[in-house]
Amino acid sequence: MKNVILLGATGSIGTQTLDLLKEFNKEYKLVAFSFGKNIEKAKQIINEFKPALVSCELKEDLENLKKEFKDIEFCYGRNGLIKVATYETQNPIVINSLVGSCGLEPTIKAMEINRDIYLANKETLVVGGKLVKEIAKEKNVKIIPIDSEHSAIKQLIDGHNKKDIKRLIITASGGAFRDKTRLELVNVTKDDALKHPNWQMGEKITIDCATMMNKGFELLEAHYLFDIEMDKIVPLQHKESIIHSMVEFNDGSIFAQMASSDMHLPIKYALMHPKHTKSSNIKPLDIENISSLSFQKIDYEKYPMITYAAYALEKGDIYPTILNASNEACVRLFLDGKIKFLDIERIVKECLDSKDYEKYSFEEFNLDLILKVDRTVKDDVLNGKYW
Ligand code: MN
């Protein structure tokens, strides 16, 4: 029996993970979880799975939960996430499906006590990739991806020699605005941006798909996960979202992984890799009824955000943190109706090029610096410094 610790249980990935824990309840048991503000959903999870420890975001929810569930331990906030990630149990599996840079610290704390991380929180690798890799090496722990593209690559290279890889081809659906011109992007609304053509996901990542920041993040994520240079990782637009990524080997052979657009598969593969265990939660791909697959080059003029991840990495260790913090704050502002869609990319670029943050390049790159810069940039953006 494996004891599962789930960070971000009420979100999209969290919910789909719970579907699988229910299906495979002879092998996996939920022992601890965290959630944000969705207390009704959290109560359902508590009643169904009877975990020992639960963390919420807000202190007032903590008081309510304590009154209702007397024999469960509760905690909250930043320390609550760390407490859940490091919860003492036999055969722990830590699944991080938090949204945003708040996922970094609990990831690091769990790795420091020799735990492998099942990672859906891509911001962990964007902001702290270098640090997380160092800890993984030192503690001899693994980072197992839960992202459809990276799961695809893992499925394709498990059993192959890494030296044979020529490049990774990361497919991109193109998001909500793939059929719009650059000019048409000027006045798009939040509701337009939240209509992803192929995937049902949380709001933050759906906006990141519309700006293509998500794909920029995923290039960085692949770089850290698979130890491959950035210039060997290329994005390719594939609007059907049937091929979830490809690996080109040195002899010219290109392998592709195809499946329906359903995150249950990447979650299940992370849990059970390298086995391709059958799951009733996964909707099979109806290959007989797919008449064609299409590929287009990425239009970098329409989507400059996709180039910012490599740009940030090149500028220095702290710049991916600035990239992510400014993006997270901008997405918040856009969802709150305070800035327009194209302001997101403008502000992110201004932050990357701002003289105000240059001084952080000269400080030692560690968790404290990341947390400080993350807070500073988010506050600057949210408080109106750039709009
Ligand atoms: Mn993805």
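**Metal site, cores and cavity in a predicted model**

A222 touches H150, L168, I170, D227 and I233, with residues up to four places away in sequence not counted. The model is predicted. A222 sits in helix α10. Its relative accessible area is 0%, so A222 is buried. The C-alpha atoms of A222 and L104 are separated by 17 Å. Along the chain, A222 and L104 are 118 residues apart.

The manganese ion is coordinated by D147 through OD, and by E149 and E218 through OE. The distances run from 2.0 to 2.1 Å. In sequence, the donor residues follow the spacing D-x1-E-x68-E. E149 belongs to helix α7, residues 148-157, whereas E218 belongs to helix α10, residues 213-226; the pair therefore ties together parts that are 69 residues apart in sequence. Both E149 and E218 are buried.

Nonpolar packing was examined next. In soluble globular proteins, nonpolar side chains tend to be buried together. Here the largest nonpolar core holds 89 residues. Within this core, the residues with the most contacts are L168, I318, I322, L323, F341 and V381. Helix α13, spanning residues 319-335, gives the most to this core, with 10 residues. L168, one of the residues with the most contacts inside the core, is also touched by A222.

L323 was followed in detail. Neighbours within four places in sequence are left aside. L323 is then in contact with V126, M213, F217, Y308, A309, A312, V348 and L352. Of these partners, M213 and F217 fall within the residue range of helix α10. A second core is separate and has 36 residues. Its members include I39, L65, F69 and A270.

The search finds 1 cavity of 30 Å³ or more. Helices α7 and α11 (264-272) each supply at least two of the lining residues. The largest share, 3 residues, comes from α7.

Definitions and conventions
Residues numbered from 1 in each chain as written. Predicted model: local features only at pLDDT ≥ 70, side-chain atom pairs only at ≥ 80, totals over all residues. Heavy atoms only, no water. Donors = N, O, S within 2.8 Å, 3.2 Å for Na, K, Ca; no water. Helix = DSSP H or I, 4+ residues; strand = E, 2+ residues; numbered from the N terminus. Buried < 20%, exposed > 50% of the residue type's maximum accessible area, 1.4 Å probe, protein only. Contact = heavy atoms within 4.5 Å. Core = buried A, V, L, I, M, F, W, Y, C linked by side-chain atoms within 4.5 Å. 1 Å grid on protein atoms, 1.4 Å probe; cavity = no way out; pocket = protein on both sides within 12 Å on 5 of 7 lines; lining within 4 Å. Points joined across faces, edges and corners; volume = space filled by probe spheres on them.
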